[in-house]
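Dear colleague,

Please find below the structure that I am handing over to you. My findings follow after it.

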Amino acid sequence: MTIARVLTWEVTASRGYETAWAELTGDALRARGRAVGTVPEPYWLTYELDSADGFVTRRLTVTAETADRTRTLDLRHDGHGRWTADGRPLPEADGALGCDLGLCPLTNTLPVLRHGLHRAGGEREFLMAWVSVPDLAVRPSRQTYTPLGGGRVRYASGTFRSDVLFDADGFVADYPELATRLR
């Protein structure tokens, strides 16, 4: 069974908006999205995200346009724990199962669905390949997800914490300090 959703968020952290067209099939996610923001500078962003079985990221392609340039990123996971960005190895992200596109609430769905954290479970720590926006630099990011009940999951990375509300399908409904989904 495939669940197809069109999701739009007001992204307060970027003073912008994002829309994603997402399809959940079994334990895989495919999505494409567009975002516009004004923080840290005005930008347009398009992306495509594909996961393999188990909601493990396989590929994220991103194009970011700002006033002075257009950047692209082709981020790939080989299925064995190794990552490349535009064909160059990223050993600092090796072992990560997912990516996290900055200012994008959709990418928080992957680890939550992988472990059913929006329904139950215990605290989980992840290494993520984090992509900053709009420069598209990739860095390793340690993140902790703690189920709180009622679809809420506490997200923590470094000193940042937020109690994120996920809907029954595992998509972000409200991410305090980042984004709120529009109805």
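The model is predicted, so to speak of local features a pLDDT of at least 70 is required, side-chain atom pairs count only at pLDDT 80 or more, and totals for chains, interfaces and linings use all residues. Residues are numbered from 1 along each chain as its sequence is written, and side-chain values use heavy atoms, with hydrogens and water left out.

Strands and hairpins

Helices (H or I, at least four residues) and strands (E, at least two) are DSSP runs numbered from the N terminus, and two strands pair if DSSP finds at least two bridges between them. Strand 3 (residues 28-37) pairs with strand 4 (residues 43-52) in the antiparallel sense over eight bridges. These two strands form a hairpin with five residues between them. Within the pairing, Arg32 stands opposite Glu48 in strand 4. Arg32 also lies over the face of Trp21, at 4.7 Å from the ring centre; the criterion is NZ of Lys or CZ of Arg within 6 Å of the ring centre and within 35 degrees of the ring normal.

Strand 4 is also joined to strand 5 (residues 56-65), antiparallel, by nine bridges. Leu49 has Leu60 in strand 5 as its bridge partner. The hairpin of strand 4 and strand 5 has three residues between them, and Gly54 in the turn has a positive phi of about 80°.

Nonpolar core

A nonpolar core is a set of buried Ala, Val, Leu, Ile, Met, Phe, Trp, Tyr and Cys residues joined through side-chain atoms within 4.5 Å. Buried means under 20% relative accessible area, exposed over 50%, and partly exposed in between (1.4 Å probe, protein chains only). The largest core has 50 residues, of which Leu45, Tyr47, Leu60, Leu75, Leu101 and Leu106 touch the most other members. Strand 10 (residues 124-131) gives the largest share of this core, five residues.

Aromatic rings

Rings of Phe, Tyr and Trp (its six-membered ring) pair if their centres lie within 6.5 Å; planes under 30 degrees apart count as stacked, over 60 as edge-to-face and the rest as tilted. The structure holds five such pairs. The rings of Tyr145 and Tyr155 have centres 5.4 Å apart and planes at 85°, so this pair is edge-to-face. Tyr145 is in strand 11 and Tyr155 in strand 12 (residues 152-157), 10 residues apart. Both Tyr145 and Tyr155 are buried. For Tyr155 and Tyr175 the centres are 6.0 Å apart and the planes at 55°, so this pair is tilted. Tyr175 lies in strand 14 (residues 172-175), 20 residues from Tyr155. Ring pairs link Phe126, Tyr145, Tyr155, Phe160 and Tyr175 into a cluster.

Two individual residues

Ser141 is placed in strand 11 (residues 138-149) and counts as buried because its relative accessibility is 10%. Its side chain makes polar contacts (N or O atoms within 3.5 Å, one able to donate a hydrogen and the other to accept it; residues adjacent in sequence count only if both atoms are side-chain atoms). The partners are the side chains of Gln143, at 3.2 Å, and Ser157, at 3.4 Å.

His115 lies in helix 1 (residues 109-115) and counts as partly exposed because its relative accessibility is 27%. The C-alpha atoms of His115 and Gly54 are 8.9 Å apart, with 61 residues of separation in sequence.

With kind regards
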